[in-house]
Number of protein chains: 2
Amino acid sequence: MAFRWEQQFAARTAHMSSSAIRELLKVTEQPDFISFAGGLPAPEVFPVAEVAAAAQRILRDAGAQALQYGATEGYRPLRALVAERMTCAGVPASVENVLITTGSQQALDLLGKILVDRGDHVLVDTPTYLAALQAWSVYGAAYVEAPADDQGVRTDALGPLLRARPAFIYCQPNFQNPAGVTLAAERREALVRLAARHGVPIVEDDPYRDLRFEGADLPRLIEHDARLRAAQTHEEQYAGGVSYLSTFSKILAPGLRVGWVVAAPELIGKLVQAKQGADLHTATFNQMLAYELARSGFLERHRETIVREYRARRDAMLAALADSFPEGVTWTHPAGGMFLWVRLPEGLDAEDLLRDAIAQQVAFVPGAPFHPGGGGRNTLRLNFSNSSPETIRVGIARLGEALRTRREAAVSV
Amino acid sequence: MAFRWEQQFAARTAHMSSSAIRELLKVTEQPDFISFAGGLPAPEVFPVAEVAAAAQRILRDAGAQALQYGATEGYRPLRALVAERMTCAGVPASVENVLITTGSQQALDLLGKILVDRGDHVLVDTPTYLAALQAWSVYGAAYVEAPADDQGVRTDALGPLLRARPAFIYCQPNFQNPAGVTLAAERREALVRLAARHGVPIVEDDPYRDLRFEGADLPRLIEHDARLRAAQTHEEQYAGGVSYLSTFSKILAPGLRVGWVVAAPELIGKLVQAKQGADLHTATFNQMLAYELARSGFLERHRETIVREYRARRDAMLAALADSFPEGVTWTHPAGGMFLWVRLPEGLDAEDLLRDAIAQQVAFVPGAPFHPGGGGRNTLRLNFSNSSPETIRVGIARLGEALRTRREAAVSV
């Protein structure tokens with residue numbers, strides 16, 4: 001029996017075909033393996049005891065509510081908390097500006113459902129987040145790569161790309177996945193002004209903001225947009241073109257799957273309709289857990305623990321790279337987040353290197369899949385949040401070894 | 001600033017525009033209100049203490065795992081448990097046949113993503129589940145209504161409809177939402193044979209199966225399909241055309257959002273790709289909670305408590321309807337589940353009745369939105385699981401009063 005969907009869906013998911021790499025990476029689950037491939041937070045810093053205590057309080061005081069269906073919009077106190085914090089940051093928001101999502105991945109999916117029509121294109125700076133590309137490809141999105149450097153997207157080159165009316169601009173302003181790059185302060189304002197002028201929405205995906213190791217926080221794109229609109233329209237509630245996505249995955253726990261999106265109330269209304277069909281609502285118990293731990297101020301203290309640990313891991317990786325990697329290889333110096341990005345000399349293929357590395361019991365993710373338009377074959381992503389400093393030293397040494405061997409082989413050919 | 005999506009999405013969600021009714025129903029949150037409108041389980045039977053104990057065990061013994069990212073496919077022991085139970089029911093399944101979803105609503109959404117192309121039609125028996133229509137409309141599905149009676153879809157009339165190649169057939173075989181109707185035993189086998197002959201997939205949505213108040217369980221459609229295939233192909237693992245959806249929402253707690261789909265491994269592979277873009281994975285902690293309570297046998301014992309309670313509530317509603325409703329009104333007698341379905345005399349409009357009912361502090365959902373092709377204006381859905389027998393008696397008496405008044409008004413006009 002052959003069903004039509006087999007061909008249909010294959011065409012829609014062509015961008016997803018990194019299955020060869022996925023097969024390669026399966027071995028990383030073996031015990032002695034050192035993997036810089038995943039995108040996992042450090043489980044050592046999960047606040048297990050605090051979650052357990054909050055779980056008991058919630059089930060004791062409001063068990064029936066925690067286990068019952070909830071509103072699609074999300075748990076109202078949590079929405080109010082998000083709105084309040086956005087308001088404090090200069091984006092006047094009420095609960096109507098906030099939708100709680102099943103991780104911020106779901107917000108990417110729902111936005112694709114609403115903003116993308118088959119054949120539309122989305123403007124991304126490459127390399128970019130792989131699972132965003134996956135989410136939108138299903139809706140028929142094509143991608144246009146905006147020029148970018150180590151300060152993020154080059155706003156001086158965006159004008160012609162915006163005149164072509166992309167469905168939206170996708171941007172991770174802080175320590176983006178995969179490259180660890182942060183969008184420069186002056187480019188943030190420029191990007192928002194350009195997008196507003198051309199009537200192009202922005203999807204601001206900001207999961208790593210709280211994981212800053214040094215330097216001052218930079219204003220969000222939505223803050224710039226709110227200021228710009230306030231000057232023009234004197235509206236009291238945010239109704240602009242930026243959708244701001246964040247999550248509890250990095251500062252609390254990803255396994256709870258609680259994220260949120262802040263946007264114009266009209267767009268939130270559409271997202272709610274889409275979410276109703278997608279999963280009715282995000283798990284009530286999990287939203288109440290996140291709320292309990294956020295409102296008490298615990299997460300702000302806990303954030304310091306995470307930042308201290310991840311900073312040490314990043315420093316260990318930067319030091320190990322300087323020690324172990326041969327000349328001609330460069331890498332980013334992220335000021336936060338979980339990833340850094342390595343560029344090999346032209347002609348070296350990261351997928352070939354991965355085969356050698358796996359033989360040395362160490363893994364990473366090759367950079368090509370993060371480039372929707374092709375390219376990036378000589379790049380790769382390293383995760384530093386999920387390995388101890390000692391493991392990082394050992395793993396990077398192994399990788400440096402694999403790299404030297406591969407390079408000599410390339411030169412001798 | 002006008003964005004293109006405003007028009008686009010409005011067209012895609014035309015089916016969803018029951019916002020007038022949603023507005024009407026907002027008042028049901030007031031304290032003295034009796035609502036038969038929602039689709040909520042009884043919170044009194046949620047096993048709060050057992051969930052709390054399981055939460056403590058999981059966080060104590062495997063806290064880091066419970067709070068970490070997990071595989072998109074789902075928590076492996078839970079998948080294995082589902083596979084084992086399907087195998088015992090005669091559907092030879094391994095973990096590759098199983099995907100854990102964020103409630104079974106997500107399985108509906110993911111199946112729409114894969115099976116529906118814009119302009120496709122889906123074959124449904126009406127009235128049918130509203131949020132399924134919502135999920136698939138976004139992907140451009142149209143609906144064809146299959147003739148049905150109080151034994152479910154009329155398989156004797158399906159041939160011509162199947163020759164028109166719908167994307168799939170949607171069927172809730174047990175105590176379906178909204179009408180409470182159960183598909184007759186002999187029609188189950190006939191439906192599966194017809195679908196197989198025409199190469200049309202079936203989406204079997206079975207959230208209420210465990211809520212049977214009387215009579216013996218009937219074989220699932222996927223069981224019939226597995227038998228049929230085994231006779232033809234001698235395959236050891238299920239690879240047929242039925243996708244079987246179920247959930248922990250009715251026998252454990254909906255607020256955890258854990259469901260599953262059993263299907264051919266190839267289709268599961270596509271669903272996994274789609275789910276990766278949709279929400280990465282279902283909350284790990286919640287899957288472990290469901291597994292803990294399912295594997296211990298607790299849920300099977302707990303099911304008896306729920307069934308006893310819901311049976312009493314259904315009986316109370318049937319008795320109250322017989323006492324309070326005027327002649328000419330008929331209703332279904334569901335053998336399980338959470339809903340029954342009322343048919344008013346032709347010419348009476350359930351939405352008008354709802355206005356009167358709300359004035360009497362009682363609510364229900366009018367039947368028209370459950371009919372994608374229009375019709376059903378003289379029908380309505382009553383939920384009995386979320387009100388005590390005493391509340392049901394009072395509420396149905398109020399509704400009977402409203403109905404008599406409305407009817408007299410209609411006659412005098």
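The model is a predicted one.

Over all chains, 18 aromatic pairs were counted. One of them joins A:Tyr75 and A:Tyr291. The geometry is edge-to-face, with 5.7 Å centre to centre and 80 degrees between the planes. This pair links distant parts of chain A. A:Tyr75 sits in the loop between helix 3 (48-67) and helix 4 (76-88). A:Tyr291 belongs to helix 11 (residues 284-295), and the two residues are 216 residues apart. Both A:Tyr75 and A:Tyr291 are buried.

An edge-to-face pair is also formed by B:Trp136 and B:Tyr170. Here the centre to centre distance is 5.0 Å, and the angle between the planes is 80 degrees. B:Trp136 lies in helix 6 (residues 130-137) of chain B and B:Tyr170 in strand 7 (residues 168-171) of chain B, so the pair ties together parts 34 residues apart in sequence. B:Trp136 is buried, as is B:Tyr170. In chain A, one aromatic cluster is made up of A:Trp136, A:Phe168 and A:Tyr170.

Chain B contains an open sheet of 4 strands. The strand order is 11-12-15-14, and the pairing is antiparallel. Strand 11 (330-331) and strand 14 (365-366) of chain B are the edge strands. Each of these pairs on one side only. Strand 11 of chain B meets strand 12 (residues 339-343) of chain B through 2 bridges, in the antiparallel sense. B:Trp331 has B:Val342, in strand 12 of chain B, as its bridge partner. In general, strands of a sheet pair through backbone hydrogen bonds.

Terms used. Residues are numbered from 1 along each chain as its sequence is written. Chains are lettered from A and ligands numbered from 1 in the order in which they are written. This is a predicted model: local features need pLDDT of at least 70, side-chain atom pairs count only at pLDDT 80 or more; totals for chains, interfaces and linings use all residues. Side-chain values use heavy atoms; hydrogens and water are left out. Rings of Phe, Tyr and Trp (its six-membered ring) pair if their centres lie within 6.5 Å; planes under 30 degrees apart count as stacked, over 60 as edge-to-face and the rest as tilted. Buried means under 20% relative accessible area, exposed over 50%, partly exposed in between (1.4 Å probe, protein chains only). Two strands pair if DSSP finds at least two bridges between them.
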